[in-house]
Amino acid sequence: MKNTKSIAVGAAMLCGLFSASAASAATTLESVKENGHLQCGVTSGLPGFSQPDDKGNWTGIDVDTCRAVAAAIFGDAQAVEFTPLTAKERLTALQSGEIDMLSRNTTWTLTRDASLGLNFTGTNYYDGQGFLIKKELGVDDATELSGATICIQAGTTTELNLSDYFRANGMEYQPIVFDTSEQTVQGFAAGRCDVLTSDRSQLAALRSKLNDPGSAKILPNTISKEPLGPVVRQGDDQWFNIVKWVLFAQINAEELGITSDNVEDMLKSDNPNVQRLLGTDGDMGAKLGLPDDFGHQIVKQVGNYGEMYDRNVGPDTPLGLDRGLNALWNEGGILYAPPLR
Amino acid sequence: MKKQTVDSRPTGPKPWYDPRIRSIFFQFVAIALVFWGGWTLVDNTLTNMESRGISTGFGFLDETAGFGIIMSLVPYDATMTYGRTFLVGLMNTLLVSAMGIVTATILGFIIGVARLSSNWLVAKLALVYIEVIRNIPLLLQIFFWYFAVLGSLPSPRQSVEVADSFFLNNRGLYLPEPMPQEGFGLVWGAVIAAIVAVVGLRAWAKKRQLATGQIFPTFKVGVAILVILPTVAYLATGTPLEWELPALKGFNFGGGITIIPELAALWIALSLYTASFIAEIVRSGILSVSKGQTEAAKALGIPNSLTLRLVVIPQAMRVIIPPLTSQYLNLTKNSSLATAIGYPDLVAVFMGTTLNQTGQAVEVVAITMAVYLTISLAISLFMNIYNRAAAIKER
């Protein structure tokens with residue numbers, strides 16, 4: 001009879017296993033609060049965007065985007081746990097609920113937004129695809145690249161952009177698709193390809209990994225639009241709003257001149273826009289399901305968008321990227337956040 | 001005492017105590033559980049994906065892929081469908097697996113026999129080869145061959161060239177491509193005729209040997225037929241074959257046949273790695289043949305080379321084939337490491353780019369797993385048929 005018993009137990013366990021439906025009653029905000037931390041998906045290491053240092057502390061603009069959300073919810077920018085993900089894994093990790101939000105230089109496209117059960121909440125970095133080429137080839141423009149062999153990293157929108165660009169210009173190319181960015185650079189350095197293509201923000205970082213960075217240059221052409229931004233699961237509008245408005249709060253803070261240095265003084269500001277952002281007036285936080293001082297906490301602990309940019313990818317960092325498109329709308333860029341009121 | 005007539009036949013246990021009925025019942029329950037489990041998994045996945053707004057189904061296979069692939073055995077360009085990228089990746093996987101299996105087998109047999117050689121140096125060299133190669137992870141070996149080979153080759157403009165038709169550089173090996181002209185069909189006909197002739201010859205020679213004991217030099221005559229017949233046809237039809245030579249155009253060579261370094265590195269690494277395992281299998285097979293067999297052959301005056309070929313190897317094959325099948329399966333599955341060096345195999349193309357562009361993870365991964373399962377089962381089936389032919393036949 002022992003056998004029958006164990007079969008019955010096994011069957012009961014199976015029942016439990018399969019009937020555990022995914023439709024959990026708790027909202028994302030509730031489950032994040034219950035866990036006491038935000039689970040955020042990032043890259044496994046991309047300078048300027050998300051990279052762990054030698055002590056295991058994560059830094060980067062994508063990391064700071066996660067920290068700002070944690071600061072808004074908990075008032076503690078450190079209440080984040082990071083899940084390093086490859087390009088292939090990232091969307092599945094978010095769909096399956098392994099992470100609460102994805103902030104991993106992910107390009108906002110229609111397919112991803114509409115058919116994968118995901119929502120892009122905004123753009124924290126406007127990028128575009130470019131080319132890194134060996135100087136000795138004497139090429140100055142991407143239109144001279146017909147017949148070139150091109151190294152690409154797998155799992156990105158890069159392959160399609162590349163193909164589209166060459167087809168549109170009636171040129172031919174040979175793609176070599178590597179699994180990781182290290183192998184892509186190695187292939188380029190070993191001479192397997194003439195050109196390496198990636199988002200412009202990454203080309204500078206990849207070029208710095210070459211033995212002789214001076215032997216390669218970045219072509220002036222930008223062949224695609226790559227709006228990179230945080231992603232959340234579809235179907236939880238409150239969570240979608242929170243992640244969206246945390247970024248807007250950072251951009252608005254820069255526009256209003258609130259920085260992590262002057263944020264305490266700004267609490268006494270008479271400007272109603274500043275008051276609403278910092279929570280000294282109105283109930284903006286409550287509308288989102290957050291504490292009213294969420295803006296104050298974000299700016300105090302993470303900083304406004306400009307600070308976040310300069311610290312991670314700006315001109316004084318190894319990446320040395322100018323603000324360009326990522327400047328505020330009134331300073332020549334296209335960053336434009338809806339008003340916080 | 002009165003004799004009582006008692007019906008001594010057992011009445012049989014009640015159905016729930018009958019072991020036969022019981023075992024059928026439990027088997028039925030087990031099967032029902034398996035089916036219910038599988039159905040629940042599929043149904044749960046579909047329901048959850050639908051409730052999260054994730055599109056499902058295989059419709060994406062008909063959409064335009066839009067990305068380029070460096071190497072394709074079937075015509076392919078970016079305007080074709082995702083279904084086509086599947087075919088391209090599958091063909092590339094099959095190509096490198098087939099090439100690897102052939103060379104690994106040849107190399108493995110040579111090294112396995114060398115390992116048993118009475119020549120001390122040959123035996124120890126084989127031993128060192130086996131122990132070094134099979135104890136280093138395959139991925140490292142692939143990287144070694146890829147970057148070691150790439151690093152030592154010149155750039156396209158400084159190619160190593162032979163007779164203005166063969167070029168070697170770090171973009172690959174460029175060979176002239178044969179372009180059959182009108183009338184070449186006759187040459188193909190001659191090739192087929194030669195093959196038929198050799199098969200017939202072999203059957204005749206075997207029959208004659210069984211009848212008279214005389215050995216006919218089938219191998220030499222067979223090779224002669226295979227070479228001479230097509231050559232005669234080729235010359236008779238006026239050499240209807242032209243060669244397209246590769247030439248430097250812009251960045252790279254164009255025209256001719258290209259063997260990309262990714263394919264070469266993967267092929268070399270897979271062959272060498274698997275050969276070291278096959279060598280040990282061959283050695284174990286040969287050692288499993290009892291010494292008496294060799295001694296008996298010697299006593300009959302059969303030369304050493306014939307003893308190995310006719311007495312030892314046929315008996316060793318019975319031991320060799322089953323583990324050899326596993327090695328073929330391993331090699332095929334290991335070919336998926338191609339993705340690390342950019343060889344466009346099924347995993348790199350279909351489970352890589354196609355999966356990323358469509359986001360249809362469940363479907364793409366399911367298809368890919370089904371393909372590897374099918375390839376593996378096909379190899380097993382083929383090897384089992386061969387095994388049955390080689391196994392001891394009770395007469």
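Student: By how many bridges is β8(A) joined to strand β12 (residues 216–218) of chain A?
Tutor: β8(A) and β12(A) run antiparallel, and within β12(A) Lys217(A) is the bridge partner of Ile133(A). Strands are DSSP runs of E with at least two residues, helices are runs of H or I with at least four, and both are numbered from the N terminus. Two strands pair if DSSP finds at least two bridges between them. Here the number of bridges is 3.

Student: What kind of model is this, and at what pLDDT do side-chain atom pairs count?
Tutor: Residues are numbered from 1 along each chain as its sequence is written, while chains are lettered from A and ligands numbered from 1 in the order in which they are written. The model is predicted: totals for chains, interfaces and linings use all residues, local features need pLDDT of at least 70, and side-chain atom pairs count only at pLDDT 80 or more.

Student: Which residue of β11(A) stands opposite Leu132(A)?
Tutor: β8(A) is also joined to β11(A) (residues 195–199), by 5 bridges, and these strands run antiparallel. In β11(A), the residue opposite Leu132(A) is Leu196(A).

Student: How many of the 6 residues of β8(A) are buried?
Tutor: A residue is buried if 20 or more other C-beta atoms, placed from the backbone, lie within 10 Å of its own, exposed if 12 or fewer do, and partly exposed in between. Strand β8(A) (residues 129–134) is largely enclosed by the rest of the structure, because its buried residues number 5.

Student: Is Gly128(A) buried, exposed or partly exposed?
Tutor: Gly128(A) lies in the loop between β7(A) (125–127) and β8(A). Its C-alpha is 5.8 Å from that of Arg200(A), 72 residues away in sequence. Gly128(A) has 17 C-beta neighbours inside 10 Å, so it counts as partly exposed.

Student: What distance separates the end C-alpha atoms of helix α3(A)?
Tutor: The expected span of a helix is 1.5 Å times one less than its number of residues. For the 14 residues of α3(A) (61–74) this gives 20 Å, which agrees with the model. Of these residues, 14 of 14 are buried. The end C-alpha atoms are apart by 20 Å.

Student: Which element gives the most residues to the side of chain A that touches chain B?
Tutor: Two residues are in contact if their C-beta atoms, placed from the backbone, lie within 7 Å. By this criterion, 43 residues of chain A are in contact with 40 of chain B. Elements supplying at least two residues each to this side of chain A include α1(A), α6(A) and β9(A). The most, 6 residues, come from β10(A).

Student: What percentage of the residues of chain A count as buried?
Tutor: Chain A has 14 helices and 14 strands, and its C-alpha trace spans about 80 × 65 × 40 Å along its principal axes. Of its 341 residues, the buried share is 49%.
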